[in-house]
Amino acid sequence: MRNIFVLLLISIAVFSCDENSSNQDIKNEPVQVEEEGENFMQGIKDLGRKTIEQGQKLSKKVKEKWKKVEINGFSIEDDIKMGKQLYDEIHASSEYKVISEKNNGKLYEYIENIKQTILSNGNFKYKEQFEWKITILEDDKTINAFCAPGGYIFIYTGIIQYLDNEAELAGVLAHEMGHAERRHGTRQLTKALGIQILLDFIMRGKNSDYFKQVIGGLINLRYSRSYEREADECSVEYLCKTDYESDGAAGFFEKIVEEKGNQSAELLSTHPDPEERISNFKSLKKEMNCQGKSSYAERYRKIKKLAI
Ligand SMILES: [Zn+2]
C-alpha cells in the first residue's frame with residue numbers, strides 16, 4: 001500500500017506537469033503499478049476533476065506516460081457488469097448460435113466438470129466473485145474459445161472438435177480463465193481507451209451508450225504478448241495440482257504447427273509464436289514439478305460426438 005501511495009505522488013507530479021514545463025518529474029522512471037490501488041485511482045479521479053473543471057486538455061507527455069502505466073481503471077464490479085452485458089448480447093444476438101444447455105445437458109455437464117476441476121485446484125482470487133459461466137457456441141469452423149471479464153466463458157464447437165483429448169481442452173479453458181482472473185480485458189481496455197477518455201468515463205459516469213461501445217471492443221480485443229504469456233502460465237499452474245497433463249494447452253499448438261492451421265483463434269491472437277509457446281508450456285510444467293499424466297483421450301472422443 002505504501003508503494004502505491006508513493007507511486008500516487010509520483011503520478012500526480014507527472015500527470016500535473018504542463019506540456020511545456022521542464023519539470024524534472026517527467027524524467028522519473030515510468031510509473032509501474034502492478035495492482036490497482038484505491039489511492040492511485042483516487043489521484044487519477046482528482047486530476048480528472050481538475051482537468052474537466054478547468055477545461056484543460058491533458059498534455060502529450062502525460063498521455064505518453066499513461067501508455068506505460070500498468071493499472072486497471074475498472075472495478076471488479078465493472079468486470080462482472082461488462083461480462084454479463086456481453087453474455088446477454090451474445091445470447092440475444094442472431095449472429096451467434098448458442099447451444100442450449102437444456103437440450104445438451106451432457107456436453108455442458110462434461111465441460112462444467114472440467115471447469116470445476118480447474119477452479120478447485122487453481123489459486124483463484126475471484127473464484128467466488130466471478131460467474132465462471134460456460135456458453136457453447138455452434139460454429140464448426142471457428143477453432144476458438146474466449147473468456148469475457150467476470151468469467152463468462154465461450155467455447156466454439158470448432159475447438160471441441162479440433163482438440164484430441166480432455167487435457168488439451170482443460171489447458172485451453174485454463175488459459176482463457178486466466179485472462180479473466182488476471183483481468184486482462186479491462187487492463188487492456190484501460191490502456192486502449194487512453195487517459196482522456198478514461199477520465200471522462202470515470203468522471204461523467206458510465207452511461208449506457210458509452211458502456212456499450214466499450215463492450216463492443218471487448219469481443220475483438222487482442223491481448224498483448226505479456227498477457228498471453230501470463231495466461232499460458234495460468235494454464236499450467238491451474239492444471240498442476242490436477243491429474244491432467246498440465247501442459248495440455250501445448251497439444252493445441254502442436255497441432256496448429258503440424259497442420260499450419262487456423263490463425264484466427266484467440267489463443268493465436270498475438271506474437272509469441274506457437275513453437276515458443278510449446279516450449280514455454282513444457283518448461284513451466286518442469287519448473288512447477290507437475291505430476292499429472294492423464295489426458296482422457298478415450299472419454300473425450302465420445303463426448304466430441306455430442307458437439308457435432
Ligand atoms: Zn489468450
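This is a short tour of one predicted protein model, stop by stop.

**Before you start**

Residues are numbered from 1 along each chain as its sequence is written, and side-chain values use heavy atoms, with hydrogens and water left out. Because the model is predicted, local features need pLDDT of at least 70 and side-chain atom pairs count only at pLDDT 80 or more, while totals for chains, interfaces and linings use all residues.

**Stop 1: the whole chain**

Show the protein chain as a cartoon. Its secondary structure comes to 14 helices and four strands. Helices (H or I, at least four residues) and strands (E, at least two) are DSSP runs, numbered from the N terminus. Of the 308 residues, 51% count as buried. Buried means under 20% relative accessible area, exposed means over 50%, and partly exposed is in between (1.4 Å probe, protein chains only). Now think about contacts, meaning heavy atoms within 4.5 Å. Among contacts between residues at least 6 apart in sequence, 77% join residues at least 24 apart.

**Stop 2**

In what order do they lie in the open sheet? The order is 1-2-4-3, with mixed pairing. Strand 1 and strand 3 (145-148) stand at the edges with a single partner strand each, so one side of each is left without a neighbour in the sheet. Two strands pair if DSSP finds at least two bridges between them. Strands of a sheet pair through backbone hydrogen bonds, either parallel or antiparallel.

Next, select strand 2, residues 133-137. Four of its five residues are buried, so strand 2 is largely enclosed by the rest of the structure. Strand 1 (residues 98-99) pairs with strand 2 in the antiparallel sense, over two bridges. Pick I99: its bridge partner in strand 2 is I136.

Turn to strand 4 (residues 152-156). Strand 4 runs parallel to strand 2, and five bridges join them. Pick K133 and you will find Y152 of strand 4 opposite. Pick T135, and the bridge partner in strand 4 is F154.

**Stop 3**

Helix 5 lies across strand 1, strand 2 and strand 4. Helix 5 runs at about 135 degrees to strand 2. Axes here are lines fitted to C-alpha atoms, for helices over the stretch in contact, and angles run from 0 to 180 degrees between N-to-C directions.

Helix 7 lies across strand 3 and strand 4, at about 25 degrees to strand 3.

**Stop 2: I90**

Select I90 in helix 4 (residues 76-92). Is I90 buried or exposed? I90 has 1% relative accessibility, so I90 counts as buried. Leave aside its neighbours within four places in sequence, and I90 is in contact with Y96, V98, L137, F146 and F154. Then try a distance. I90 and T135 are 45 residues apart in sequence, yet 9.6 Å apart in space, C-alpha to C-alpha.

**Stop 3: the aromatic rings**

Show the side chains of Phe, Tyr and Trp. Rings (for Trp, the six-membered one) pair if their centres lie within 6.5 Å; planes under 30 degrees apart count as stacked, over 60 as edge-to-face and the rest as tilted. A search of the whole structure finds 13 aromatic pairs. One is Y110 with Y300, a tilted pair: 6.4 Å centre to centre, 45 degrees between the planes. Y110 counts as buried at 11% relative accessibility. Y300 is buried too, at 0%.

Move to Y126 and F130. This pair is stacked, at 4.8 Å centre to centre and 20 degrees between the planes. Y126 is buried at 6% relative accessibility, and F130 is buried at 3%.

Then select Y87, F146, Y152, F154 and Y156 together. They form one aromatic cluster.

**Stop 4: charges over rings**

A charge sits over a ring if NZ of Lys or CZ of Arg is within 6 Å of the ring centre and within 35 degrees of the ring normal. Select K255 and Y162: the charged end of K255 sits over the ring of Y162, 4.8 Å from its centre. Then select R299 and Y296. The charged end of R299 sits over that ring, 3.7 Å from its centre.

**Stop 5: D232**

Finish in helix 11 (residues 225-240), at D232. D232 counts as buried, at 4% relative accessibility. Which side chain does D232 join through a polar contact? The partner is H175, at 2.8 Å. A polar contact is a pair of N or O atoms within 3.5 Å; within protein, one must be able to donate a hydrogen and the other to accept it, and residues adjacent in sequence count only if both atoms are side-chain atoms. Leaving aside neighbours within four places in sequence, D232 is in contact with H175, R277, F281 and L284.
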